[in-house]
Amino acid sequence: MLAFLFLFLAVGTGFALTDKIRGLWAGRKAAALIAFPAAFTAGLIFSGWTAYIFAYLFRASGSPMAYGAAFAFAAMAAVCSAHIYLRREKILRSKLATFFFKPEAAGGKNTGAKKNRRPHKKNAGLIIIECLKQVSAPQWAAAVFFILTALFICWLMNRTFNISDGNINFGLSVFSDFAVHSALIRSFSVGGNFPTVFPHFPDGTMRYHFMFQFCAGMLEYLGFNIALAFNSISAASLFCACLALYAVAYELTGKRIVGALAVLFMFCRPSFSGFIYFLDGRPYESISAAFFSVRNNFDFIGRTPNEAWGLWNTNVYANQRHLAAGITVALAALYAMTPLMRETGKKIKPLKIFLAGFLFNKEAWLPQNIFRAVFVGIFLGASSFYNGAMVIAALTVLAVCAIFSKHRLEFLIAAVIAYGMSTAQAAFFGQGADIVNPQYFFGFISPDKTAAGVLKYIFELSGPGLIAAAIAIISNPRKFLPVFCVFVSPLVFTFTLSLTPDITVNHKYYFFSMMLINIFAAYGIAELFAGAGAKRFLGRSAYAWGAALLVLCLLTGAYDNAAMYHRNTADRYVTVPVTDEYQQWILNETGPRDVFLTFWHWIDRIYMTGRYEFLGWPYYAGSGGHDTTARKYIADAMFGAGSPDELRRLARVHGIDYIVLDRALLTSSDYSVNEEVIRAAFPLVYSSDHEVLYVFSCKR
């Protein structure tokens, strides 16, 4: 109940916080569509930071999450109450009020509304039905589309992460990244991760954007199980991302079908990978054999590096749950700032006149609305530890957007605020570490790092979408070309800069850029089906070209989603018991911030108790800039120590509280374990012979 109340108040708080910015959107085509995504993310950010800050301040209390929750509830209730009080007349004038109260009461002054507030004589249900009858057919179609989208998203989240038969189940396509997600969630909900460290590499710093997982930890602490806690905000965030993308597409093109196709392309990536896969499988014995090649598909397809990881398909949303919230923030920020883009006229102005208006003009630079700039800056800056990659992507997009816009100082103000807040958070959590280290790196993960090789790589990965986007730009170059330059900027960033030791993480920028470019792909396909220009040049064959291009865009997604279905079945889940004797012993007998030295695990029961491992799976910590190589040497030295005294000294110096010998460690070729020395140095405090599991305390 408390978890539901927390979410409800978070959304209400979000609507209160975004009330003024939504006032600036009044009259725009997609204003109603972007309202909920902006409110949900704003509320999640506000509630999360409020809870975290007070939990941190009361970290020595023994119950930091209780204090965080209490202050968050109080803050959200105060914001919601203040908003209702200040906007009470607007609320009474709303359409909702007219459903249940007399029009004169809802539309009159506040004093009269109080006096005459009486229910309609008509049944409230009949009034709602009458209102629904006024909804247009396109609006009904959009509603049905989003209902189906919401159902698919809920299925996706539950399919890849759930609890059943006493086990926490991680889907085969997502369990790798869930090693980080689950460890972080539990470090808050049942642990004491204040000050916050990375459970896979506790060194006093936190370089991973963890606040989304903290929110899930808070919901679990308040009563949800871990699956419901994480799935609820993940599904809501992804649905908000779909709504926001639809809103941006509809605002840009004025066509609902473009918004729907853009959302469809989020889950069915336009790529040549599916077409190439079909060609590689020739000759098929029959059409049914070709169909079963999709039906029984288990692997993600693609010949480009790491494409089989699922970097570009639906698996990203299931795997990197915090990405959708970042996408929503970036799209809402883009929607807020795009009204400043200049209208492109039909006539080309002389260079002197163009430069005078473009550079040497007050309107070109001076802010039009300071509040908008400040709101966007705070919105982005506060989300940097929810998903920092999307903040960088949003700033990249807005930087190019500023070139084509008026009132450019608004963009600068927003960027300075976002950068300042992000830097302050990084300094606090990173404690002097270089969380972001920009370096020139051309080529991303393209096998051929030449310009021609990169273009070939991009075309193989996203060719059908780029072809369809080209059709859209050709149909209206003066309107769409500047916007395309804005949308393509994260893609350019992907292939030229590296911010972390692992260049693969740049895929998020590419992913976001193609999400935006696919708006043009959707428009291009819509033009082939219904555009006057396409019919003039192609005649009736425009329909055939449109259908062929649409199939080509959706083909790869059909394969990938079939693989998602088959990879995440009950018999392939990676499972951890919800609770067992070993976890209960850890919870009862060890401290919430104790560090365990054991084999590097992906998902381990130690993480499920909120505790830390001295060296977890190295990829996660290494991609964040942690020195996993040095720590591996330390672990080697401890496991292979030549004497008990040496082992005790190493444990004391490096802050090891427990050493765990398990089957994976004792049978691994990665470590050479001197079990006799470990048994001589420390007392055995827990053992399970049938599991081959022995825990030694370094504290005694």
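Buried means under 20% relative accessible area and exposed over 50%, with partly exposed in between (1.4 Å probe, protein chains only). The model shown is predicted, so that local features need pLDDT of at least 70 and side-chain atom pairs count only at pLDDT 80 or more, while totals for chains, interfaces and linings use all residues. Residues are numbered from 1 along each chain as its sequence is written, and side-chain values use heavy atoms, with hydrogens and water left out.

View 1. The protein has 36 helices and 10 strands; helices (H or I, at least four residues) and strands (E, at least two) are DSSP runs, numbered from the N terminus. Of the 700 residues in the protein, 54% are buried. Among contacts (heavy atoms within 4.5 Å) with a separation of 6 or more, 74% are between residues 24 or more positions apart. The protein exposes about 30400 Å², of which carbon and sulfur atoms supply 64%; accessible areas come from the Shrake-Rupley method with a 1.4 Å probe, and for residues only the protein chains shown count as cover.

View 2. Ile-327 is found in helix H18, which covers residues 323-337, and Ile-327 counts as buried because its relative accessibility is 1%. Leaving aside neighbours within four places in sequence, Ile-327 is in contact with Ala-241, Tyr-317, Met-390, Phe-512 and Met-515. The C-alpha atoms of Ile-327 and Ala-393 are 9.0 Å apart in space, although the two residues are 66 residues apart in sequence.

**View 3. A nonpolar surface patch that includes Leu-148.** Val-144, Ile-147, Leu-148 and Leu-151 make a nonpolar surface patch of about 400 Å². Patches are made of residues with over 30% relative accessible area and no salt bridge, like charges being joined within 9 Å and nonpolar side chains (Val, Leu, Ile, Met, Phe, Trp, Tyr) within 5 Å. Leu-148 lies in helix H10, residues 137-160, and counts as exposed because its relative accessibility is 53%.

**View 4. The salt bridge between Arg-28 and Glu-251.** A salt bridge is a side-chain nitrogen of Lys or Arg within 4 Å of a carboxyl oxygen of Asp or Glu, and the structure holds 17 of them. In the pair formed by Arg-28 and Glu-251, the closest N and O atoms are 3.8 Å apart. The pair links distant parts of the chain, 223 residues apart, with Arg-28 in the loop between helix H2 (19-24) and helix H3 (31-57) and Glu-251 in helix H13 (residues 226-253). Arg-28 counts as buried at 17% relative accessibility, and Glu-251 is buried with a relative accessible area of 18%.

**View 5. The salt bridge between Arg-567 and Asp-299.** The closest N and O atoms of Arg-567 and Asp-299 are 3.6 Å apart. Arg-567 lies in helix H29 (residues 541-567) and Asp-299 in the loop between helix H16 (287-295) and helix H17 (315-319), so the pair ties together parts that are 268 residues apart in sequence. Arg-567 counts as buried at 14% relative accessibility, whereas Asp-299 is partly exposed because its relative accessible area is 45%.

**View 6. The salt bridge between Arg-303 and Glu-460.** The side chains of Arg-303 and Glu-460 meet at 3.2 Å, N to O. Arg-303 lies in the loop between H16 and H17 and Glu-460 in helix H24 (residues 451-475), and this pair links distant parts of the chain, 157 residues apart. Arg-303 counts as exposed at 56% relative accessibility, whereas Glu-460 is buried, with a relative accessible area of 14%.
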